[in-house]
Amino acid sequence: MAKRHVIVGGGTAGHNAINAIRQEEREPAEIVLVADERPYSRMVLPYYLGRTIAESHVYTATPPRLAQLGVKAHLGRRAVGLDPKAGKLTLDDGTVIEYDDLLVATGSSAVRPKVPGVDGPGIHSFWTLEQVRRVVAEVHAGSHVVMVGAGFIAFTILNSILALGARLTIVEIAPRILPRMIDRTGAEVVEGWLRTHGVEIRAGATLTAVEQVGGRRRLRMKEGGDIDADVVIMATGIKTNLEWLQGSGVRVNRGVVVDDHLRSSVSNVYAAGDVAEGRDLITGQPDVHAIEPTAMEHGRVVGANMAGRDVAYRGSLLMNILDVCHLDVASFGRWDDPGAPEADVVVGARPERHGYRKLLWRGDRLTGAMIVGRADDVWTTNDVGMLKGLVQSGVPLGAWKEYLRRNPFDVKRAFVASRTTARLLPETVLGRPSPPPGIVWATA
Amino acid sequence: MAATKVLKIVPERCTGCLRCELACSYMQTGTFQPAKSVIRVSPFEGHTSYAPYTCFQCAEGWCMTACPVGAITISAVGAKVVLDDQCVGCKLCTIACPYGTMFYNPDTTKAFKCNLCGGDPACAHACPTQAILYEDAETADWLGDFAAGRATPWLETVAGNGGR
């Protein structure tokens, strides 16, 4: 009998796992997908909001594609219980699915602060496609949109809101924007840039209630200065979807604890993406990286291992990029390394071009980097990618470390002369060249 | 895999004339604008040596695997190519590529990169000194030894004592 792989979650991790199984397996196995939504890419939802793509563009594993991949899908269903001893998964409609191995890729959900009125009409999260549809329906030219939370998710939709002709106010409880992506100086550069683009920022501001007033929303603020809004977007964080694993015996810390093969404490149960607590490439320590690239790599590694390969994962590199009104903001690795000696933190600023960089070192290896710069400057050199390459490869930079301290805007010479390319070229995630997307190799 | 022809760079032959950048930008975007070129000539050893640098068409294809909508694929000639009608401009490929050879065009709001001009690379044609060849080869770190041999001693002499 064919082996049965069960994939719980149809996001980036699950989708990549399915593709990798089909690409790597020797004998066609049975694949069952359980997903509470039709699979789509969260990463591209902001472009749907901005109307630069149609809703159809967001879907990844469409029904024809799932059929082509030979996947039996339980869409609109949610996993509610796992019994690893019996090898059984229970769904919310009572269906029981037996498995040979299973992937936990249930991702995260948006959370809102417990504030009176926060679940009323005109107040939305921007996380699921269903939530995004509501935002799309309500944001128009001239709308006043208030975003509560100034983190990565909020910033991914900022351009689209402005492009629609809406007015935008950002409210953040922390003293500054993007507290988990860039440092204070970087945040100041971005805040200055945003103000010149007509965005109002209220940092250090605490929401105490939302009231419905004459068809609009009134945000009550602890510090005073209430804000009236047509649409409120709550971008106040996410939580990992782990509750359904309670009592399963699968070891959970901040996420499902996984080994270098992304196996949980139960050897035939894997975890990937936002729910997995796997190795951080730079620190070597377990961490939850709720970012798209980690979900993608995790998913591929799990898929290959489910298909019988023996793929050890080196760990995921924390990385983020945002386009803020054509000011690019990116960070890699340990950009906020609290343990880095002061001498090993290098900053460079070009205030007249809204340029800012920070390089963090351990010895002569770059372990973290941050870059802020105008799109028309950044993409004439692409130091963004090379900084990622320096952090990812861990290449020893020797005397180039001091050069970069004095010339943080000239990365390329250091990158090339340190033979970073030679280190990187043999690197592949699955130990072989990647096939193009959309290819089915081994399915019957 | 498809064809194995790659852009082989022979940095010792580069004069820094930038014709490859002009040819590339014209081929890729229809304008003679080096900022839109996906092959970039850089100075080494101060400004006495130059070498062009472009996508290695690496085995992993970091840009391709990172794309959330499958907008980067492998062309018939083995190049990783961006499908413009699929690319949404999210820039994930630009941070995934560790070589710095994935670019973003603010005018089109799409990612762009070397596509080997469909198997007839304009940069190789334009190079008057055969510093850029399009031939059967394994992709390699064409510039590393060249730059290490010139730029690192330069750094140590000019900047002295680690740059101080």
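**Exercise 1.** Determine which residues Val104(A) is in contact with, leaving aside its neighbours within four places in sequence.

*Solution.* Begin with the criterion: two residues are in contact if their C-beta atoms, placed from the backbone, lie within 7 Å. With this criterion, the partners of Val104(A) are Val8(A), Leu245(A), Val256(A), Val269(A), Tyr270(A), Ala271(A) and Val275(A).

The model is predicted: local features need pLDDT of at least 70 and side-chain atom pairs count only at pLDDT 80 or more, while totals for chains, interfaces and linings use all residues. Residues are numbered from 1 along each chain as its sequence is written, and chains are lettered from A and ligands numbered from 1 in the order in which they are written.

**Exercise 2.** State the order of the five strands in the open sheet of chain A, and explain which strands stand at the edges.

*Solution.* Strands (DSSP runs of E, at least two residues, numbered from the N terminus) pair if DSSP finds at least two bridges between them. The order is β9-β16-β10-β11-β12, with parallel pairing. β9 (123–125) and β12 (200–203) of chain A each have a single partner strand, so one side of each is left without a neighbour in the sheet.

**Exercise 3.** Find how many bridges join β11 (residues 167–172) of chain A to β12(A), and which residue stands opposite Thr169(A).

*Solution.* Four bridges join these parallel strands. Opposite Thr169(A) stands Glu200(A), in β12(A).

**Exercise 4.** State how many residues each chain gives to the contact between chains A and B.

*Solution.* Chain B gives 48 residues and chain A gives 51.
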